[in-house]
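Dear colleague,

Please find below the structure that I am handing over to you. My notes on its contents follow.

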Amino acid sequence: MKPPSISRRDFIKVSSVAGVGLVIGLYVPGCSGIQTSPVQPTPTTIPPTPTPEPDVFLSPNLFVTIGTDGSVAITCPRPEMGQGTRTALPMILAEELGADWTTVRILQADAGSAYGDQLAGGSTSVRTYYGPLRNAGALARKMLVRAASEAWDIAPEQCSVKNGLVTNNQTQETLPFSALVRTAMTYNPADLAPAELKDPSEFTLIGTSVPRVDGPDIVTGKAVYGMDVRVPDMLFAVVARSPVFGGTLVSFDDSQARLVPGVQDVVEISSGMNRGEPTRGVAVLARDTWSAIKGRDALKITWDEGNYASLSSEGIEKELLEHATAAPGDGELVAYYTVPFFSHSPMEPINSTARAGQKDCEVWAPTQNPQQLQSFVVRTYGMLPADAHLHVPLVGGAFGRRIEFPPGNAAPPAFHLLESYELSKYAGVPVQVVWTREDDMHFEYYHPMSVTRVSAKLDDIRTLTMRTSEGAGFGIPTGAWRAVTNVPEAFARQSFLDEFAAATKQDPVELRRPLLKDRQRAVLDLVAERSGWGSELPPGHGRGIAIHSTWEVSPCAEVAEVAVDDSGNIRVLRVVCAIDCGVAINPDMVKAQLEGGILFGLTSTLKAHITISNGRVQQSNFHDYPLLLMSEMPEIQCHIVKSTASPTGTGEMANPPIAAAVANAIFAATGKRVRRLPIRPQDLVAA
Amino acid sequence: MTSLVINVNLKPYTVDVEPDMPLLWVLRDRIGLTGTKYGCGVGLCGTCTVHLDGQAVRSCALPVSSVGSKQVTTIEGLSVDGSHPLQQAWLSESVSQCGYCSPGQIMTAAALLQQNPHPSDEQIISAMSGALCRCGTYPRILRAIRRAAGGAA
């Protein structure tokens, strides 16, 4: 890829949105000419502050732009869903650049192949971008240092950079970035690449718990999520979909719906899926969300329930158990662990906004996978990538729900985009499709139910074998849910290890230690020590331990301390957690991910799951899918192992261990072993 | 549709609405104040929480016709400049992850502190337990409320 020429501006793109006003997009030279400043009529999270000379800047790559006033703008390539990409990724670049972090502006990348892989999933954002963003920042620094060294007539090695200033180490003179940009712009980045990286011991920003960049906008209500996108002349829509998986539309009567005040139109569109093909639903277009919802309530629709109308989670579980069951061998301990279907339930339900123009289009989607959505538009509607602008507002939670599977995969495509795009084409104006909470819970893809068989010879734990029978492909859409296969794997393995320990009269920690590699063992020992493992607890209390390396990295161990009363009511009193994730870019954000993973996992360990009956999901809102409440939270203590190794990820890691840690603690407290989730009081008082 | 005047953040707004439209949607879709969020639509999650004459209410379940002349305060109007002690405490304690539930949490907590300036932990937890967070920020919410109430975080 030829490095961009950075001393010429390309051009300022002016586009008109629905004929009302002008929206300016700034082209930053890049390999594919993709816009980096999103075109957003809605107020952006941080208003772009034009420098006095907006066309003159140093930008050796897509990720950083330095204006002649010295201002630094860093583009975050990955969506922000609360895991902290908009803070951590820019920190990495700012560290190597030597920028003044307090004045850095953060821009959010549109979908664009030049950014690399923009999918925020698999706990990979910091892991994937650590190297590239360090390189990007270091190269910009090198160019500025060269300009300063020329101005002072010294060698570049005699300069240092901090907080937006280059210092002459001999004389302590300084030059701010603003004084160096014009000169640096005359250099060809290719001549200076690669740039030397700092030694981690020199980090002054990485490893500090700076506040999240979006905090001020979040607490004042200014932050823009997908549902908050507002575009001139837009309509709002909700879609009626077959209540039974794979059902098809037969007919509908919209006469009453059209009479609802605020409703503009009713139209049949593609949505849902049956055997890999979109099925049809009925959309109500209105001037506001509420009118659209009321309009939909007034529709009379006939559905053909189709082939999956008798599906039930009970039936699936029975099949999975049959599939998984195999008699134990001689001297073998065998156990079966069941994990049900789980819902993602981010607080912001599914939505997207589309402006489907003739020559170009814009989509605003709170997504984990901007490139997938862009490529869907390109492939389905024949747009050029440069004309298919996919903007990424803040994401109100995702947990795997917003990964937007590629079409051609057996899992459903991004229906919300199919809906909003088709409706915008139809209506000739931008359309925001909103999924109500009920829609979100009924029509998502779920963590698949599974039964895992674990066995080991009682005289040799190293003979442990696991086999998971997964409930995918039964007609219920399933997909990635925070840590995916690591969830049933950790629940099964870590529960079984304790069952083995009990059967062979070993301590659960001592049993695990020889099975672990060094960094894993260190994490285990850390939580054992910090939790007071082995010390006495009152009657009815118990401790349980679990350790798991999600995606075979970032070992994470948890000790849960529970109390169970005579009615089987379970209180999780405390969780002690430790992780070795390599370099912690922002330690407090790492702790937040650990707390978050634990509390997310406690909902599925103790409270809520999805059941299916007659081809329908039975849960619809938070009354029957109850999330963990503040009154149920344990005290959580987090420990991060100090490391200079490259970061390996944290977002999902604290979720897999918690179920087994709690199940093991309950066993320690009561002598009762529960092998399915969620664990309920009635499981503990059964005769 | 009828024409109604409601007072939001100390300003009168004339809105053209059906009387049964929940205040949430009037705020978001008619007036354009999108800081108040939609999470469940049935009063179970708290993301839609606003103040009506200082009392916390779930705007998704409140028809606009029942607002009358009461003062509506949304997250945008809690302070002019983000200086409410809870907004400041939220930042000091780095509460938010995705942040979608934060406006509703802050408004719920603000109403609590208005009525009970120095709540015990039990009182905080009791008042806040109906406000859901999927990202798991509860421990930090508790610390932020303690801090805003002037106690040790």
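How many residues of chain A are in contact with chain B, and with how many of its residues? In this predicted model, 59 residues of chain A are in contact with 47 residues of chain B, contact meaning heavy atoms within 4.5 Å.

The model is predicted, and local features need pLDDT of at least 70, side-chain atom pairs count only at pLDDT 80 or more, and totals for chains, interfaces and linings use all residues. Residues are numbered from 1 along each chain as its sequence is written, chains are lettered from A and ligands numbered from 1 in the order written, and side-chain values use heavy atoms, with hydrogens and water left out.

**Interface**

About 4500 Å² is buried between chain A and chain B, and carbon and sulfur atoms give 61% of this area (the accessible area, with a 1.4 Å probe, that two parts lose on being put together, summed over both). Of the area that chain A buries against chain B, A:Val219, A:Met347 and A:Met630 supply 18%, more than any other three residues.

The rule finds eight salt bridges across this interface (a side-chain nitrogen of Lys or Arg within 4 Å of a carboxyl oxygen of Asp or Glu). A:Arg287 and B:Asp16 meet through their side chains in a salt bridge, at 3.1 Å from N to O.

**Contacts of B:Leu86**

Not counting residues up to four places away in sequence, B:Leu86 touches B:Ile106, B:Ala109, B:Ala110, B:Leu113, B:Ala144, B:Ile145 and B:Ala148.

With kind regards
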